[in-house]
Amino acid sequence: MPPIISVENLSKTYATGLPALKSIDLSIDRGEIFALLGPNGAGKTTLISILCGIVTPSEGRASIDGHDIVRDYRAARALVGLVPQELTTDHFESVWSTTSFSRGLFGKPKDPAKIERILRDLSLWEKKDAQIRTLSGGMKRRVLIAKALAHEPRVLFLDEPTAGVDVGLRRDMWALVRGLRETGVTIILTTHYIEEAEEMADRVGVILGGEIILTEDKAALMAKLGQKQLTLQLAEPLGAVPPALAGHQLELADDGCSLVYTYDTQGDRTGITGLLTDLAAAGIHFKDLQTKQSSLEDIFVGLVGANR
Ligand SMILES: Nc1ncnc2c1ncn2[C@@H]1O[C@H](COP(=O)(O)OP(=O)(O)OP(=O)(O)O)[C@@H](O)[C@H]1O
């Protein structure tokens with residue numbers, strides 16, 4: 001099946017002369033949850049805004065379910081729901097009317113049962129008649145999601161969906177997004193919370209300085225996450241790794257006081273037992289040890305640092 005979103009050679013230079021996106025190529029499959037990670041100013045919102053028809057690209061092409069986002073704007077836009085980063089809602093409207101109005105904007109016939117379903121799924125039903133200004137920040141964010149879903153989009157863009165949201169609500173939001181995916185909606189989210197991408201995404205893209213520097217399946221990332229390091233603090237410093245230990249993936253710290261062993265937590269065998277046996281046989285004693293798991297955050301920080 002062709003990808004639901006296809007982006008080719010997409011660039012954006014703002015009137016200020018700033019190149020916010022540089023020749024982006026990207027394909028998003030139907031039904032996947034794709035997390036777009038990147039530091040402030042990397043170009044995430046610009047990319048989403050172009051795909052939603054809010055910002056015009058300077059170069060290149062993008063299509064949503066085969067509809068070109070420029071030439072076939074209406075058809076492309078009708079397939080998309082956008083939950084913006086900032087809380088922009090009409091404060092004096094009720095939850096019900098603002099959500100129903102959003103559906104009407106896309107020319108969809110009134111469907112109170114559909115709106116009710118959306119509000120119930122978002123735990124907003126009890127608040128359907130409340131003015132938006134009376135809601136908490138977390139509820140307002142859910143109203144934005146309700147509005148974005150009102151016209152039954154096939155693709156949902158969530159720009160920083162859980163910024164400023166407490167931990168409990170963040171987990172609720174994750175469950176909600178997973179539920180949406182179950183209904184066949186493709187989800188693209190931007191986030192600064194690496195944990196969020198780790199928790200939810202099928203695939204992760206890293207954008208930096210307007211360029212996508214990596215897209216990878218979460219499974220592949222998990223293999224990277226599976227790396228662990230065991231650091232052994234030695235009782236006596238060493239000048240070099242003894243030849244008897246050459247078979248192990250060991251590195252000696254510069255001061256010779258610790259040995260670092262890197263291993264794969266997802267492998268059948270970590271090799272730790274063999275290492276400890278060989279260390280004892282070589283007469284090497286250690287006074288302390290610690291292990292450290294590399295997280296998606298470590299990988300992300302490493303990637304961003306290496307590409308700056
Ligand atoms: N309307 C605009 N005019 C000029 N420059 C802009 C405009 N909008 C964004 N930019 C610039 O384009 C670059 C990319 O911004 P963008 O908002 O896409 O980044 P982002 O990755 O979403 O950042 P954040 O994580 O801070 O939301 C930034 O340098 C920003 O200052």
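**Notebook: helix α3 and its neighbours**

I looked up where α3 touches α4 and found V95, W96, T99, S100 and R103 of α3 meeting I115, I118 and L119 of α4. Here contact is C-beta atoms, placed from the backbone, within 7 Å, and helices are DSSP runs (H or I, at least four residues), numbered from the N terminus.

By class, I noted 5 nonpolar, 2 polar and 1 charged residues in this contact. Nonpolar covers Ala, Val, Leu, Ile, Met, Phe, Trp, Tyr, Cys and Pro, charged covers Asp, Glu, Lys and Arg, and polar is the others, Gly among them.

A reminder to myself: the model is predicted, local features need pLDDT of at least 70, side-chain atom pairs count only at pLDDT 80 or more, and totals for chains, interfaces and linings use all residues. Residues are numbered from 1 along each chain as its sequence is written.

Next I checked the angle. The axes of α3 (residues 95–105) and α4 (residues 112–121) come within 10 Å and cross at roughly 125 degrees.

Then I asked which residues of α3 are buried. They are V95, T98, T99, S102 and R103, where buried is 20 or more other C-beta atoms within 10 Å of a residue's own, and exposed is 12 or fewer.

Last, just after α3, I saw G107 with a positive phi of about 75 degrees.

Definitions and conventions: Axes fitted to C-alpha atoms, helices over the stretch in contact; angles between N-to-C directions. Helix = DSSP H or I, 4+ residues; strand = E, 2+ residues; numbered from the N terminus. Contact = placed C-beta atoms within 7 Å.
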